[in-house]
Amino acid sequence: MLKKVFSLFLVLSLPVFIFGCAGGGKAIQIKGSDTMVNLGQAWAEEFMKEYPAVPVAVTGGGSGTGIAALLSNSTDIAQCSRQIEPKEIALAKKKGINPKEFHVANDGIVVVVNPANKVNKLSTRQLSDIFNGKIKNWKEVGGKNEDIVVLSRERNSGTHVFFLEHVVKLGDKKSPNEFAPCVLMMPSSQAIVEEINGNTAAIGYFGLGYLTNKQKAVAVNGVLPSVKTVTLGQYPISRSLLFYTNDEPNEKVKSFIDFAMSKKGQEIVLKMDFVPIR
Amino acid sequence: MKNLFEFIVEKAIFLSGAASIIFVVLIFIFLLKEGLALFGEVNFFAFLFGQNWYPISDPPQFGILPLIMGSVFVTFGAIVIAVPLGLAAAIYISEVAPHSIRGFLKSGIELLAAIPSIVLGFIGIIFLAPLLKNIFHLGSGLTALAGSIMLAFMALPTIVSIIEDAIVSVPRSYKEGALALGATHWQAIYRVTIPAAASGILAAVMLGIGRVVGETMAVLMITGNAAIMPTSLLQPVRTLTATVAAEMGEAVSGSSHYYSLFAIGIVLFIISFIINIFADIFLHRSKAMKRRKK
């Protein structure tokens with residue numbers, strides 16, 4: 001009996017082995033930025049619909065992890081939400097690896113208030129002070145005399161981490177600035193949208209994709225966020241989302257990168273609340 | 001053959017009974033294993049009594065006192081709202097309501113237990129929070145009070161059904177004696193029946209607390225999640241459960257942040273363990289009375 005079951009199992013699993021090998025060969029390995037892991041996954045899903053023969057595996061772990069994997073030759077593409085650091089390039093040269101950069105998407109984070117709020121622009125320093133609790137009242141930044149209700153994403157969000165590093169800490173990793181304890185931590189971008197819609201004293205931030213005409217985006221250092229200003233690099237709270245490969249990618253990997261940068265790939269970028277490169 | 005069958009059934013039932021205890025023990029061991037790893041890096045007292053929760057900063061700070069206070073405030077508020085309401089409802093259902101209304105009310109209250117907590121959270125964020133903001137002129141309605149009100153609804157079914165049970169098990173002779181001595185219906189209820197049902201009521205309060213402390217989704221959505229030391233119910237709070245739920249997704253496994261979330265799990269486990277023990281003690285007293293009745 002047991003023998004029968006076992007042989008049945010073998011027979012049934014045979015096609016899996018055969019087609020598993022013949023169909024895909026080695027999967028494209030993509031590793032890196034946690035911010036980009038969902039985007040990479042979305043690309044991979046659509047890509048595999050068009051190229052069923054090429055499996056794609058996407059994992060996170062952080063931009064640094066992605067670069068480290070590229071240097072040890074254990075990934076085809078490193079996803080990175082920052083540029084590769086000179087130290088990493090030096091290390092790569094030593095290992096005989098030549099990182100090649102592909103700019104695949106942009107990430108813009110809008111700072112929003114209720115449309116009834118008359119504050120239209122803030123500097124990054126003012127934003128830092130608002131989110132770290134030094135500025136507590138709207139009148140300190142040209143608004144009416146009203147306590148500021150500060151909204152942030154939860155700590156499980158890449159946006160939270162980016163905002164913390166680039167706005168609250170003003171880009172200085174060693175800065176002692178933190179989100180003030182009284183900052184409300186919202187579980188989703190949608191929750192921030194709801195609170196901004198109903199609260200004239202609230203300020204919050206989220207990906208450009210969430211912005212509707214019920215919220216007012218604040219000009220940061222005099223620049224209003226838009227797909228255009230983010231693309232041109234004028235808007236200060238934005239960053240490039242990058243792929244790194246070792247030298248020129250092989251044909252399979254190239255087809256994936258081309259797909260990500262194609263019109264369809266860039267539509268996915270927009271759908272995932274990031275900013276397309278064109 | 002028959003004996004064998006009985007033996008197998010007996011053992012199978014025993015295993016099912018033992019399974020839940022085994023699971024609890026295994027879960028606790030797992031929690032301990034993952035959570036205690038934190039205390040190699042973080043001082044136990046700094047964890048329990050620290051006032052700053054900055055788990056992803058450099059250097060990180062793992063003070064959960066604001067989180068404990070957050071849970072305490074939300075729970076306290078919920079119980080203050082739910083217990084009088086639940087007690088009144090239970091008295092009405094068991095002592096006053098005519099038979100036809102009684103069944104209707106009971107199933108209505110049980111239906112309340114069937115509402116998913118995320119739905120209550122959604123109602124809270126869309127309807128309750130703006131309302132509280134306008135009533136109390138707050139900066140934002142996402143406060144401990146909003147959480148308390150929503151959790152009161154969640155605890156209500158538990159509280160009502162256990163108090164009702166306790167009132168029904170008060171021996172009939174108590175009430176009849178009171179009435180015979182010339183007490184009015186209301187006097188008999190609050191001078192005789194309620195005191196006699198006191199341990200059941202306490203058990204209901206305890207189980208209500210247990211229900212509220214462990215609730216996650218609704219509080220995550222409507223309490224604002226700011227890790228401050230609260231001084232009033234009109235401030236935002238961050239509860240123990242919401243912290244674990246919000247941060248587990250991104251915590252790097254094996255980091256002290258990850259271990260700290262399991263350590264919070266241990267704290268929650270111990271809290272509900274203590275609450276359950278108290279509830280059990282009170283329930284036993286209430287049952288002892290039920291036996292006397294027979």
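UniProt positions are given in the numbering used here, and the annotations may be inferred rather than shown by experiment. The structure in all views is a predicted model.

View 1. An unreviewed UniProt entry carries the annotation "transmembrane region" for residues 12-31, 67-93, 113-132, 144-168, 188-210 and 257-283 of chain B. Two of these spans are described here. Residues 113-132 of chain B are 85% helix and 0% strand, and the end C-alpha atoms of this span lie 24 Å apart. Residues 257-283 of chain B are 100% helix and 0% strand, with 39 Å between the end C-alpha atoms.

**View 2. The aromatic pair A:F131 and A:F163.** Over all chains, a search of the whole structure finds 22 aromatic pairs. One of them is formed by A:F131 and A:F163, whose ring centres are 4.8 Å apart and whose planes make an angle of 70°. Angles over 60 degrees count as edge-to-face, so this pair is edge-to-face. A:F131 belongs to helix α5 (residues 124-132) of chain A and A:F163 to helix α6 (residues 158-168) of chain A, so the pair ties together parts that are 32 residues apart in sequence. A:F131 counts as buried because its relative accessibility is 0%. A:F163 also has a relative accessibility of 0% and counts as buried.

**View 3. The aromatic pair B:F30 and B:F262.** In chain B, the ring centres of B:F30 and B:F262 are 5.5 Å apart and the planes stand at 90°, so this pair is edge-to-face. B:F30 sits in helix α1 (residues 2-35) of chain B, and B:F262 sits in helix α12 (residues 256-293) of chain B, so the pair ties together parts that are 232 residues apart in sequence.

**View 4. Other aromatic residues of chain A.** One aromatic cluster is made up of A:W43, A:F47, A:Y51, A:F243, A:F256 and A:F259. Elsewhere in the listing of ring contacts, A:K100 lies over the face of A:F102, 5.0 Å from the ring centre.

**View 5. A:T59 and its contacts.** A:T59 is part of strand β2 (residues 56-59) of chain A. With a relative accessibility of 36%, A:T59 counts as partly exposed. Leaving out residues up to four places away in sequence, A:T59 touches A:I30, A:K31, A:G32 and A:V37. For A:T59 and A:E165, the separation is 106 residues in sequence and 23 Å in space, C-alpha to C-alpha.

**View 6. Two cysteines of chain A.** The count of disulfides over all chains comes to zero. A:C80 is buried, with a relative accessible area of 0%. A:C182 is partly exposed, with a relative accessible area of 44%.

View 7. Chain A has 10 helices and 11 strands. Of the 278 residues in chain A, 50% are buried. Chain A exposes about 13500 Å², and carbon and sulfur atoms supply 58% of this area. Among contacts in chain A between residues at least 6 apart in sequence, those joining residues at least 24 apart make up 72%.

Technical notes:
Residues numbered from 1 in each chain as written. Chains lettered and ligands numbered in written order. Predicted model: local features only at pLDDT ≥ 70, side-chain atom pairs only at ≥ 80, totals over all residues. Heavy atoms only, no water. Phe/Tyr/Trp six-rings, centres within 6.5 Å; stacked < 30°, edge-to-face > 60°. Helix = DSSP H or I, 4+ residues; strand = E, 2+ residues; numbered from the N terminus. Buried < 20%, exposed > 50% of the residue type's maximum accessible area, 1.4 Å probe, protein only. Lys NZ or Arg CZ within 6 Å of the ring centre and 35° of its normal. Contact = heavy atoms within 4.5 Å. Areas by Shrake-Rupley, 256 points an atom, 1.4 Å probe, with all protein chains shown as cover. Disulfide = S-S within 2.5 Å.
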